[in-house]
Amino acid sequence: MLELTGVSHRYGAAMVLKEISFGVEAGEKVVLLGANGTGKSTLLKIANGLIAPSAGQVRYRGEAISPGALRNAARNRRFRGRAALLFQNPDAMLFNPTVLDEIAFGPRQLGLADAEERARHWAAALGVGRHLDRPPFGLSGGEKQKVCLAALLVLEPELLLLDEPAAALDPRSTGWLVDFLAGLRCTVITTTHNLSLAPELGRRALVLGEDHGLLHDGGVEAFLGDRERLLAANLMHIHRHRHGLVEHRHFHVHDWD
Amino acid sequence: MHIPDGFLSPQTYVPAYAVCAGLWVLGMRRLRARLDEETLPWLAVMTALSFVLMMVALPLPGGSTVHAAGIGLLALSFGVWMSFLAVSLVLAMQALLFGDGGITALPVNALAMGLAGSMAAWWTWRGLRRTNESLALFAAGWVSMVLPALLVALVLGIQPAIAHDTAGRPLFFPFGPEVVLPAVLLPHALVGLGEGLLTLLGHRYLTRRRAQPA
Amino acid sequence: MNNPFADPGARRDRLALLAYALAVLAATLVHDPRWLAGGLTVTLLLAGSGAGGLLSRVLRTVLPFNLAVSMGYLMLAWLRTEPPWQTLLLLNLRVLLLTAITFLFVRRVNLFRALGFSRSLTYLLGLAYSQALTFRRAHEDFRLALVSRSPRRPGLMDRYRVSAAAASWYLEKALAAARESAQALRSRGFFDA
């Protein structure tokens with residue numbers, strides 16, 4: 001469904017992504033792992049047709065996707081109705097006067113007659129139904145995240161790209177999010193640098209290494225069991241500990257930073 | 001209003017740097033008297049704020065945009081000296097870190113936008129706020145854009161008179177005030193309307209925020 | 001306080017800052033196009049393998065303003081029937097030279113190290129810069145989020161709302177960041193020194 005071939009990207013002189021190629025089939029749940037600064041967010045923005053990669057191609061259902069290609073109004077409408085991106089900073093997505101308007105923005109743009117009804121439905125599904133008349137700016141971080149999700153899901157996309165959706169959530173909300181995503185029928189790619197969450201977000205893992213290339217594409221469990229590659233991805237590091245008078249070294253995974 | 005380097009003569013920018021240096025020292029003293037040890041963090045963050053406010057686009061019908069500078073808002077909300085220093089630092093940052101904007105034009109821009117713009121906004125607001133608060137805020141924003149444009153245009157316009165070779169040919173900016181003034185002032189009088197709007201809405205927003213307990 | 005001359009890199013950057021200031025001054029005191037062209041050549045040679053990229057970036061930066069000024073001057077000179085070429089060459093060469101010197105300086109010199117002699121100035125510029133980068137990234141996200149969420153071209157009112165939401169977000173974050181940085185400074189004992 002989504003196909004990336006040889007995607008590289010640089011900001012000025014800095015290499016952000018190096019020759020990334022992978023495909024995602026309909027219905028897959030994929031988790032995109034990588035240490036901070038390995039280019040996860042940029043990769044999602046490229047896959048969402050927001051940034052033109054320096055080299056390489058993105059295809060969605062066979063159609064080329066890039067800012068240039070999406071200047072075509074019909075193609076833009078088709079793609080934006082099917083593929084949605086949740087930004088890491090939910091504030092960047094919120095601009096409407098009320099939560100109801102925020103969620104109804106997409107359907108209204110498409111001229112759907114039942115825009116408000118849909119918005120109410122998805123607000124309830126995500127548990128923000130009681131805030132419909134409030135401005136989204138005043139909500140807590142977790143609630144903003146849910147409003148953003150509702151605003152994306154209201155268009156019933158086929159492909160959902162989620163950029164660190166758990167970063168701003170407390171453990172209970174994180175548990176809720178994991179269950180909620182598992183119940184969704186659409187294809188989901190979720191980025192995280194939180195290893196303990198990875199197996200719950202998908203069975204297939206894409207891992208970006210510190211050289212900004214694709215370090216692993218395969219089972220989550222297989223990757224998490226591979227100490228060498230966890231170290232290489234900078235997702236694990238070695239600690240010195242003291243037990244009494246004996247000093248020794250540990251491998252360590254930091255989940256909550 | 002970004003003048004590249006090479007259009008202002010040293011007879012202009014060297015004295016402008018001298019005046020600026022004195023005012024920067026004075027401004028820092030004024031800020032320290034008010035903010036004490038919080039001066040540096042506040043000034044740094046206001047600089048970043050000023051930097052990004054200059055990036056905020058005011059949409060126009062038809063898909064195009066204009067950019068405000070946020071100087072009226074900065075001056076009314078945080079004072080003239082804070083605004084002057086923050087704008088000076090933004091110009092320095094743009095010139096020396098982002099490679100965007102001239103280093104010789106810096107002191108002229110700092111004095112025109114940062115100081116004259118901020119003071120004009122402040123006094124316009126003080127003068128009009130008893131008549132009508134909204135009008136005062138809007139006019140303050142408009143003036144903070146138009147007066148600096150006028151000053152920069154004048155400084156550019158006198159270049160042929162103060163810097164020319166023996167044959168009378170210009171060495172730096174080649175047009176006199178009769179050409180520059182209308183060319184610069186007319187567009188800025190329009191962009192100033194956006195600046196007025198930003199000042200009005202931004203200041204109201206901040207006042208409302210301060211009224212609520214944090 | 002640490003000795004500002006202890007670090008040879010810092011010393012080099014400080015000398016580069018001084019050299020840059022002198023070069024800018026010199027480029028505005030010389031009015032012979034041959035000297036300016038020579039200066040431009042030297043600057044490009046100093047840029048080494050990056051010369052091509054430097055020159056194209058300089059051209060892109062100065063083109064709009066210089067083209068407008070040059071065309072205007074050409075028209076004026078034509079009306080007055082005097083040859084404009086000497087002046088046009090001088091003006092454009094000077095602008096190119098100054099911009100090239102600045103870009104080379106920005107590319108090569110670590111400004112924070114060059115300003116290392118003043119702890120306050122380094123702190124001020126460092127915090128302002130990192131905060132500005134954060135804001136710039138957020139600014140890009142506000143823009144992209146609207147594109148991403150819009151199956152159709154967003155209307156005037158929507159674009160206006162996004163600008164308003166972004167501006168108020170920056171104000172909010174700026175106020176919070178200023179308070180937080182002041183507290184951080186205090187806990188680090190910055191004011192005790």
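## Domains of chain C

In chain C, the C-alpha centres of domain 1 and domain 2 lie 33 Å apart. The domain assignment places domain 1 of chain C at residues 8–113 and domain 2 of chain C at residues 118–187. The model is predicted, and the values below are computed from it.

## Which chains touch

Two pairs of chains are in contact, and of these chains B and C share the most contacts. Chain A and chain B do not touch, and their nearest C-alpha atoms are 12 Å apart. The two contacts, B with C and C with A, are described in turn.

## The contact of chains B and C

Chain B brings 57 residues to this contact and chain C brings 60 residues. Together the two chains bury about 5400 Å², and 77% of that area is on carbon and sulfur atoms. Polar contacts join four residue pairs across the interface of chain B and chain C, counting pairs with both residues at pLDDT 80 or more.

On the chain B side, several elements supply at least two residues each, among them helix 1 (10–35), helix 3 (71–78), helix 4 (80–96) and helix 8 (177–211) of chain B. Helix 2 (39–53) and strand 1 (57–59) of chain B also supply at least two residues each. Helix 2 of chain B accounts for the largest share of the side that touches chain C, with 13 residues. Sorted by class, the side of chain B that touches chain C holds 42 nonpolar, 10 polar and five charged residues.

## The contact of chains C and A

Here 18 residues come from chain C and 25 residues from chain A. The area buried between chain C and chain A is about 2100 Å², with 58% of it from carbon and sulfur atoms. Within chain C, the residues that lose the most area to chain A are Ser148(C), Arg149(C) and Pro151(C), which together make up 38% of what that side buries.

Side chains of opposite charge can pair when their charged atoms come close. Between chain C and chain A there are two salt bridges. A salt bridge joins the side chains of Arg149(C) and Glu102(A), at 2.7 Å from N to O. Nine residue pairs are in polar contact across the interface of chain C and chain A, with both residues at pLDDT 80 or more. On the chain C side, helix 6 (119–149) and helix 7 (156–187) each supply at least two residues of the surface that touches chain A. Helix 6 of chain C gives the most, with eight residues. By class, the side of chain C that touches chain A has 10 nonpolar, two polar and six charged residues.

## Pairs of side chains

Over all chains, a search of the whole structure finds 15 aromatic pairs. The ring centres of Tyr20(C) and Phe105(C) are 4.4 Å apart and the ring planes are at 15°, so this pair is stacked. Tyr20(C) belongs to helix 1 (residues 8–29) of chain C and Phe105(C) to helix 4 (residues 85–108) of chain C; the pair links distant parts of the chain, 85 residues apart.

The count of salt bridges over all chains comes to 22. In chain A, Glu63(A) and Arg75(A) form a salt bridge, with their closest N and O atoms 3.7 Å apart. This pair connects strand 5 (residues 63–64) of chain A, where Glu63(A) lies, with helix 2 (residues 73–82) of chain A, where Arg75(A) lies, and the two residues are 12 residues apart.

Technical notes
Residues numbered from 1 in each chain as written. Chains lettered and ligands numbered in written order. Predicted model: local features only at pLDDT ≥ 70, side-chain atom pairs only at ≥ 80, totals over all residues. Heavy atoms only, no water. Domains from an automatic or database assignment. Contact = heavy atoms within 4.5 Å. Buried area = accessible area lost by both parts, 1.4 Å probe. Polar contact = N/O pair within 3.5 Å; in protein donor to acceptor, adjacent residues only side chain to side chain. Helix = DSSP H or I, 4+ residues; strand = E, 2+ residues; numbered from the N terminus. Nonpolar A, V, L, I, M, F, W, Y, C, P; charged D, E, K, R; others polar. Phe/Tyr/Trp six-rings, centres within 6.5 Å; stacked < 30°, edge-to-face > 60°. Salt bridge = Lys/Arg side-chain N within 4 Å of Asp/Glu carboxyl O.
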